[in-house]
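Subject: Structure handover

Hi,

Here is the structure I promised to pass on. Please open it next to this note; my findings follow below.

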Amino acid sequence: MVNLTKASRELFSRTPDERFSSFDSLLAHCQQRKEQSTEFWQISQNLCINETAKGVMMQLEDAEDIRLSRGDWSFSQHCKLRGVHKDTVNKLTSETASRVFRDTMPHSRKPLQVYAAADTALAVHSSTYSRLFDAEVLEAVREAAPDFTPPPTGLGGATGLYAGEQDMFAFGIDPNGWVEINGENFAPGFFVWNSEVGRRSVGVQTFWYQEICQNHIVWDAIEVVELKRRHVGNVQEALDDVRLTIAQLVKKRDERRDSFASGIKTAMATPFGEDAEEVHKLLGKHGISSRLAEQVVQIAGQRTPYTLFGVVDALTRIAGRYENAGDRLVVDQKAASLLSLAV
């Protein structure tokens, strides 16, 4: 088992305006941003950079001027494409910075991608970059897992659902999906992330967990599966990765639920001794002390005949009376061991 910290890192790095209370509100935000943004393709050698009263502006052939803000991600990308250091450019006046960009402009017929909202550049990429919208990723998630919800609210009101200027992250769980695996209880969950501006890969991670704390660390996770892709080539295939990976998680959840329900039904119909004396002896053969067996017989005997489910239910009730967690665990494990006889 492992502890997963992706969601915890997001919790401590997100500002309140990047948090969303529901999956629908996160999706609506990302869909609106998609609709309000535009991609421009511009031949590098025809791209003009000038200093104006508004600051450093990109003059495109088929669009209004696009602003390059020094503090934005797009400014860092533009500096990298020009082969100049952002910290150096930030020490220059807008006029000098504009001249630096003009002088370092690559002479290439390959187009640049300029991704903008209103009059501000969000990202600047070479022609090899393939954009995948956050809204598309979230729609794939909703299609595969419509009944999953955000985790319990974490420290500072953290929701597990985030979107900022540079990327998106979503944390989903099924609060009703608890099943027993090897005598311990687990529930299914997933992380999914993406960046429309090239800040991070697109990816999905699914898992089964035992506990989520307030700082959104996922404790004691098993069956952890992770897939991620860079934004190159046919990145649209990542939507299938997200959809199929989460669908497999849902499928396994349903199979385990069905198996558990079938086991309970079988246990209800399976006799466990003809009378109290026989039940007592059988419990002893399964490592249950005489004192505990007496309590089980008393509780289970209220519903005759004795069944495997009645005995397991009695053990579970007795475990609930113990104040010590270690004592409860021992009895719960014995109950799980007996219930496995019905499978």
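First, a question to settle by eye: does Tyr209 count as buried or exposed? Bear in mind that this is a predicted model.

Tyr209 counts as buried, because its relative accessibility is 4% and the cut-off for buried is under 20%. Phe207 is also buried, since its relative accessibility is 0%.

Aromatic pairs

The structure holds 9 aromatic pairs. Phe207 and Tyr209 form an edge-to-face pair. Their centres are 6.4 Å apart, with 65 degrees between the planes. Ring pairs also link a cluster. Its members are Tyr162, Phe169, Phe171, Trp178, Phe191, Phe207 and Tyr209.

Strand 11 covers residues 184-194. Of its 11 residues, 9 are buried, so the strand is largely enclosed by the rest of the structure.

- Strand 9 (residues 168-173) runs antiparallel to strand 11, with 6 bridges. Phe169 has Trp193 of strand 11 as its bridge partner.
- Strand 10 (residues 179-181) is also antiparallel to strand 11, joined by 3 bridges. Here Ile181 is bridged to Glu184 of strand 11.
- Strand 12 (residues 202-209) pairs with strand 11 in the antiparallel sense over 7 bridges. Gly189 has Phe207 of strand 12 as its bridge partner.

Nonpolar cores

The largest nonpolar core has 34 residues. Leu26, Val137, Leu138, Val192, Val242 and Ile246 touch the most other members. Which elements give two or more residues to this core? They are helix 2 (23-36), helix 6 (134-144), strand 8 (161-163), strands 9, 10, 11 and 12, and helix 7 (237-269). There is a second, separate core of 24 residues, including Leu308, Phe309, Leu315 and Val331.

Leaving out residues up to four places away in sequence, Val137 touches Leu132, Met168, Val192, Asn194, Val202, Leu239 and Val242.

For background: in soluble globular proteins, nonpolar side chains tend to be buried together.

Charges over rings

Two arginines are worth a look. Arg131 has its charged end over the ring of Tyr115, 4.0 Å from the ring centre. Arg256 places its charged end over the ring of Trp208, 4.8 Å from the centre.

Best wishes

Conventions. Residues numbered from 1 in each chain as written. Predicted model: local features only at pLDDT ≥ 70, side-chain atom pairs only at ≥ 80, totals over all residues. Heavy atoms only, no water. Buried < 20%, exposed > 50% of the residue type's maximum accessible area, 1.4 Å probe, protein only. Helix = DSSP H or I, 4+ residues; strand = E, 2+ residues; numbered from the N terminus. Pairing = 2+ DSSP bridges. Phe/Tyr/Trp six-rings, centres within 6.5 Å; stacked < 30°, edge-to-face > 60°. Lys NZ or Arg CZ within 6 Å of the ring centre and 35° of its normal. Core = buried A, V, L, I, M, F, W, Y, C linked by side-chain atoms within 4.5 Å. Contact = heavy atoms within 4.5 Å.
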